[in-house]
Amino acid sequence: ETGSKPDSFQTDGDNNRYVANELATDIVINVGDVKFYLHKFPLLSKSARLQKLVVAANEENSDEIDIHDIPSGPTAFEVCAKFCYGMTVTLNAYNVVAARCAAEYLEMYETVEKGNLIYKIEVFLNSSIFRSWKDSIIVLQTTKSLLPWSEELKIVSHGLESIASKASIDPLKVEWSYTYNRRKLPSESGDELHWNGVRKQHSVPKDWWVEDLCELQVDLYKRVITTIETKGKVSSEVIGEALKAYAWRRVPGFNKGNIHGGDVMKSQVVVETIIWLLPTEKHSVPCSFLLRLLQASIALDCGETGRKKLMRKIGQQLEEASVADLLIQAPAGESTIYDIDMVQNILEEFIKHDKRTLSDFHVENEFREIQSPSFVSDASRVKVAKIVDGYLAEIARDPSLPLSKFVDLAEMVSDFSRASHDKLYRAIDMYLKEHPGISKSEKRRICRLMDCKKLSAEARMHAMQNEQLPLRVVVQVLFFEQVRASTLSGGCGTPDLPGSIQALLPDRSHGSSRTTTTNTEDYDVEELKALKGELAALRSRDGGVGNSSDDAKMNNADKLASRKVKGSTMSRRIFSKLWSSKDRGSENSSSETSESPASTSAEETKSTPSR
């Protein structure tokens, strides 16, 4: 017997524990650097391991036992020793795993005594801890420092199952507290109509659990998300939201797109884990998040495999991106400001995905009558083309940007039909303005990217006064403006042109308005004067006053064009300015005051095709 029942252990200094009792202690147990002065009987009645250790000590005529490898050290041993003495033991989510592992170490089984500590802890875990959302997370966190014991005792697997089951439950059945400081998902932002017509708010959002899981270390987080996905009850969109929240919490500077501070190695592991966990479903994660993840993987020097995976996923949903998302800083040592090659690689992935989509569509519909199968991806192609046009306008400001990179990127979307080329014209104008020293042939090369017929009235007005453009381009713009005005007035869509002017216009037999490669820029002064005279004669014929009904129609057309393009006198001034400028041999002069028209979504004014 141990005499009167003690309530707690007494402390003598920092490293001595004893029981205040009228009976003298008969065994000393050294746990780490702490000595416990105890009694054999209460300990041996519940611990099979201590029984064996005491037998071994008696054979050596010793009353001391050394235990240096018990999980969680002196703290956990004290809990087990208190239980042996019948003292009150307080267990919670923070210490229960340590107590369970220590009890396993001490072999406190039911075979030693009924109602032993292992049994009681298991009941506590299952009836209390694992029924609580937040306690389950806390317990799972504490298992990390108690490996491999916590893994072998299946505490980790039970914690994973508890958390995953709760995260997968119908949100309407969630009755426990959780942390939520985020905006709801787009699909949940609105009110819901009740059966009686009354609107009610969603009480629990679908992604209610994502913030609490951010407390987990990355290896446990990975296992939790994998377990949740295995259950198959949580949408890929919600998984995507969870990954976003974890990145913002665990990677310093991620939300600002500027990775800084913190433990670089830990941030690298977090980013690589998030990339590995990305759902395979398209649109499950916003393209903007994927691009930010790509920037982080570059900054943290993550593996090439993960980077390629990201570029594939970005390419599959590139139409969701914004120009700002694509402005990724170039690696150190590069001459350009932005990483153009990275964007080209992403665009290549989009084109590959687009071709696969069309190929799959053809296979699925090979026995059906399909008139325009390309409609499957037309909308995405148009959106991507507009994004690339905007991106070109931004990178054109870089004085170190080679013309070849600009042209190569633009040509990748040249086959993507879009109604307006205003953004592309703005990008070209910006490049010409920032690179005034490029040659005539380079100017012609960059301007061949643009279709003059697809410029809005505002863009055409700007182009007609833009002295940075080659002569051929200005003449084309003027010509198509005249064709448009003539068509609106009911006259002939394509006026007859002198040969010298036709040389400056595109090959109209194919209906193309892109500039040709004929070297008509190298006119001498006399040829330009002759061309000037022919154009003046053409204006006089098409715009002069006559007695015929055609003349009246042309006068009406001039009035209409006056409202749209500030009148035929503006065109005459532009022509005169153009020819006089050419006669002075200053075709390469630039106008620093010329500003590109703002990007516009206005539809192209339809014109009669050239014949």
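E104 and R100 lie 4 residues apart in helix α4 (residues 96–105), so about one helical turn separates them. Helices here are DSSP runs of H or I with at least four residues, and strands are runs of E with at least two, numbered from the N terminus. The model is predicted: local features need pLDDT of at least 70, side-chain atom pairs count only at pLDDT 80 or more, and totals for chains, interfaces and linings use all residues. Residues are numbered from 1 along each chain as its sequence is written, and side-chain values use heavy atoms, with hydrogens and water left out.

The side chains of E104 and R100 form a salt bridge, with 2.8 Å from N to O; the term means a side-chain nitrogen of Lys or Arg within 4 Å of a carboxyl oxygen of Asp or Glu. An α-helix has 3.6 residues a turn, so residues three or four places apart point the same way. E104 and R100 are both buried, where buried is under 20% relative accessible area, exposed is over 50% and partly exposed is in between (1.4 Å probe, protein chains only). A network of salt bridges links R100 and E104 with E122.

By the same rule the model has 15 salt bridges. Another of them joins D389 and R418, whose closest N and O atoms are 2.9 Å apart. This pair links distant parts of the chain, 29 residues apart: D389 belongs to helix α17, while R418 sits in the loop between α18 (403–411) and α19 (422–434). D389 and R418 are both buried. The salt bridge between E394 and R397 has its closest N and O atoms 3.8 Å apart. E394 counts as partly exposed, because its relative accessibility is 26%, and R397 is partly exposed at 38%.

Leaving out residues up to four places away in sequence, L409 touches I340, V343, Q344, L347, V388, Y391, L392 and I395; a contact means heavy atoms within 4.5 Å.

In helix α20 (residues 440–447), the residues K443, R444, I446 and C447 are buried. Viewed down the axis of α20, its buried residues fall within an arc of 165°, so they line one face of the helix. The arc is taken from the directions from the helix axis to the C-beta atoms.

How many disulfides are there? The count is 0, a disulfide being a pair of cysteine sulfur atoms within 2.5 Å. For C80, the closest cysteine sulfur is that of C84, 7.1 Å away, which is too far for a bond. C80 is buried at 1% relative accessible area, and C287 is buried at 1%.

Confidence is given as pLDDT, the predictor's score for each residue from 0 to 100. The chain averages 78, and 70% of the residues score at least 70. Among the elements of the chain, α4 has the highest mean pLDDT (97) and helix α25 (residues 549–565) the lowest (43). Residues 187–195 have pLDDT below 50, and this stretch has 17 contacts in the model beyond near neighbours in sequence. Residues 508–512 stay under 50 as well, with 9 contacts beyond four places in sequence.
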